[in-house]
Every structure is written in structure tokens, then in C-alpha cells.
Amino acid sequence: MPDAQPSDETTQVLPVSRRARREQTGLLERAPLAGLEARNISAWFGDHQVLDRVSLDMPAGVITSLIGPSGCGKSTFLRILNRMHELVPSASLAGEVLIEGTDIYDPARKLVDARKSIGMVFQKPNPFPAMSIYDNVVAGLKLTGTKVGRDERDQLVESCLIKAGLWNEVRDRLRSPGGGLSGGQQQRLCIARSLAVTPQVLLMDEPCSALDPTSTRVIEETMLELVNDVTIVIVTHNMQQAQRVSTQCAFFLASQGQPGGIVEHGDTEAMFGDPIDSRTYDYVNGVFG
Ligand SMILES: Nc1ncnc2c1ncn2[C@@H]1O[C@H](COP(=O)(O)OP(=O)(O)OP(=O)(O)O)[C@@H](O)[C@H]1O
């Protein structure tokens, strides 16, 4: 839990020219774009194998959608991409997840490094409800050991809220509780919180499934802006959403009693317009799922 309360400066709006100067001095440095590559990922809960040798390239600066019916292992795959799968006591896995060629499961790499460079936004918005909007944004800094000075902190909060498309709605109430925002605003606050530790990749697990169509559209617009700075991998059941936001898609499927795998992946337009596998055709056209 962050201990610092936002200063009075928090509520001030920095003149754009001053902000631009600070950006030029590198105070708002961002992490370089990075792609992710999953190689031969298998996953288990106890004896139950849920993924079998899944490989997928998720290129830098691109939105990749993971689609497929319920229970085929999309969320498990997503959670493996930032080492959250191992939080389940019975869980195990095999394979590699490379970020810029380095395996996040390499024993020489720290867990916190993976979580810092690969952020996660969940299905249900989960801000700290009693904590201020300001403190919610900076909440991840301590957890990841990221040191940011007082002045830079104010600037970071503003910049993350701008990137998350929330600044104009909350700039005058940064000290109000995060729990007082609407569902869509809370989800954008969670995106801002993820961005504060300057991740190279943002994983999103059905980020709009609890939101109304208007909030969904705002989050989608935010994603399309963000992808210039951060690689995005999203799990979605919404086929229109996959088509609207993603450049490439991977279709997951698990046959009865079998672990899940990728049936087909590729360019989103081709996956929806001219899929190779008949099961992909049936799924994207709503025949099952
Ligand atoms: N914590 C867990 N413990 C045991 N089994 C689990 C756990 N989480 C998921 N599973 C099982 O792993 C399989 C894959 O689940 P997962 O949530 O990854 O699928 P999914 O494709 O994301 O489904 P959905 O679209 O419904 O979210 C399912 O059989 C599920 O029951």
C-alpha cells in the first residue's frame, strides 16, 4: 500500500508546454516495445492437463486476440505469459515464454521482473476501492520496487491517466476514492495502474465483459492508442471486438476431455474472412461456442 498522500500539486494541471519540456528531458521515458513468444506451452492443474504444446508469436506493437469457447485454456495461457499461473498451488507448466529472446521462466530471472515488464488487466475492474485515484495509479510502484521521485510521481499519474483515456474525467478529483468511479472508469484506472510501471506488454483478460457498450468502446479506443507504446494480448469472447481491435488472432479449442491448443492463428481479417480450418469458420460464425 503506498504511504504517500498526493500533494496539493496533484490537483494542478500542468501547462502542456511544461509537460512537453519534461517529456523532452526524459522524465516520461517509456520502455522499448517488445514482443512475446510462447514456445511449446503445456499446463496442468494437478493431473489435469489443460494446454498441450501451444506456441504463439505475439509481435511487438500489435494487438493479439485469443479467442475460443469456454474452458479451452485461453486464460490459463494468458496467465502463463506473466507467471501468474504458478500462484495456483496445484498448477504446473512446461515450455518457454520469451520476451525479447529471454525466457521469463529462466531461474536467473526474478519473478518481479516478469510482472513489471508484462502487466495484467482483469475481467472485473479491481481498483483498491478506498484508495484515492492518485494512489491507485501508483500502487504498483512499491510492489515492483520502482523508485519514482515526488515530482515525477505527479507527472507519472497524469501521464498514465492520459494514456488510459481517463485524465479529463478525473483530473479534478484525484484524491477521491477509486471505488467511486463507474465500472468503465474503474477499468481505465486499472489500465493506468498497469501502465505506471512502464510495462512492455499488457495482458487483458476479457477487460470489457463487465462493461456496457459505451465503456467498451472507450476501452477499445484506449487500447488502439496504447498499442503504439505497449504490446497487447487480449482474451475476448466478443468476436466483433476481436475484429475491431486486433491485428492478429489465435483460435483455441479443446476437444472433449483433451487439453486445449491453437487450431489456427494469423491475420484477423483472414481468420474471420477466410479461415483455413472449418472449426475456426464455425466458431467465428457462431455455429458453436
Ligand atoms: N484454478 C484452477 N484449478 C483447477 N482447474 C482450473 C483452474 N483454472 C482453470 N482450470 C481449468 O482449466 C481449464 C482451462 O480453463 P481456462 O479458464 O484457462 O479456460 P478459458 O478458455 O479461459 O475459459 P473461459 O473462456 O470460460 O474463461 C478448464 O478445464 C478449467 O476448469
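Author: What follows is a conversation about the sheets, the helices and the ligand surroundings of this chain. Please keep in mind throughout that the model is predicted.

Reader: How should I read a sheet, and in what order do the 6 strands of the open sheet stand?

Author: Strands of a sheet pair through backbone hydrogen bonds, either parallel or antiparallel. Here the 6 strands form an open sheet in the order E6-E7-E8-E3-E9-E10, and the pairing is mixed. Strand E6 (118-121) and strand E10 (261-267) each have a single partner strand and stand at the edges, so one side of each is left without a neighbour in the sheet. On average, neighbouring strands of this sheet are turned by 15° against each other, direction ignored.

Reader: Taking E7 as an example, which strands does E7 pair with, and in which sense, parallel or antiparallel?

Author: Strand E7 (residues 201-205) pairs with E6 in the parallel sense over 4 bridges, and valine 121 has methionine 204 of E7 as its bridge partner. E7 is also joined by 5 bridges to strand E8 (residues 231-235), again running parallel, and there aspartate 205 has valine 235 of E8 as its bridge partner.

Reader: Is E7 covered on one face or on both faces?

Author: Both faces are covered, since Val201, Leu203 and Asp205 on one side and Leu202 and Met204 on the other are all buried; that is 5 of the 5 residues of E7. Helix H7 (residues 183-195) lies across E6 and E7, and runs at about 170° to E6.

Reader: What is the strand order in the open sheet of 4 strands, and which strands stand at its edges?

Author: That open sheet has the order E2-E1-E4-E5, with antiparallel pairing. Strand E2 (48-58) and strand E5 (102-103) stand at the edges with a single partner strand each, so one side of each is left without a neighbour in the sheet. Strand E1 (residues 36-45) pairs with E2 in the antiparallel sense over 7 bridges, and alanine 43 has leucine 51 of E2 as its bridge partner.

Reader: Now for a helix: which residues of H4 are buried, and what do they pack against?

Author: An α-helix has 3.6 residues a turn, so residues three or four places apart point the same way. In helix H4 (residues 133-143), the buried residues are Ile133, Tyr134, Asp135, Asn136, Val137 and Val138. The buried residues of H4 pack against helix H5 (150-163), helix H6 (167-170) and H7. Just after H4, glycine 145 takes a positive phi of about 70°.

Reader: Finally, which residues are around the ligand, and which helix gives the most to that shell?

Author: Around the ligand are Phe45, Val50, Gly68, Ser70, Gly71, Cys72, Gly73, Lys74, Ser75, Thr76 and Val88. Helix H2 (residues 74-80) gives the most to this shell, with 3 residues. By class, the shell has 4 nonpolar, 6 polar and 1 charged residues.

Methods:
Residues are numbered from 1 along each chain as its sequence is written. This is a predicted model: local features need pLDDT of at least 70, side-chain atom pairs count only at pLDDT 80 or more; totals for chains, interfaces and linings use all residues. Two strands pair if DSSP finds at least two bridges between them. Helices (H or I, at least four residues) and strands (E, at least two) are DSSP runs, numbered from the N terminus. Axes are lines fitted to C-alpha atoms, for helices over the stretch in contact, and angles run from 0 to 180 degrees between N-to-C directions. Two residues are in contact if their C-beta atoms, placed from the backbone, lie within 7 Å. A residue is near a molecule or strand if its C-beta atom, placed from the backbone, lies within 6 Å of it. Ala, Val, Leu, Ile, Met, Phe, Trp, Tyr, Cys and Pro count as nonpolar, Asp, Glu, Lys and Arg as charged, and the others, Gly among them, as polar. A residue is buried if 20 or more other C-beta atoms lie within 10 Å of its own, exposed if 12 or fewer, and partly exposed in between; C-beta atoms are placed from the backbone.
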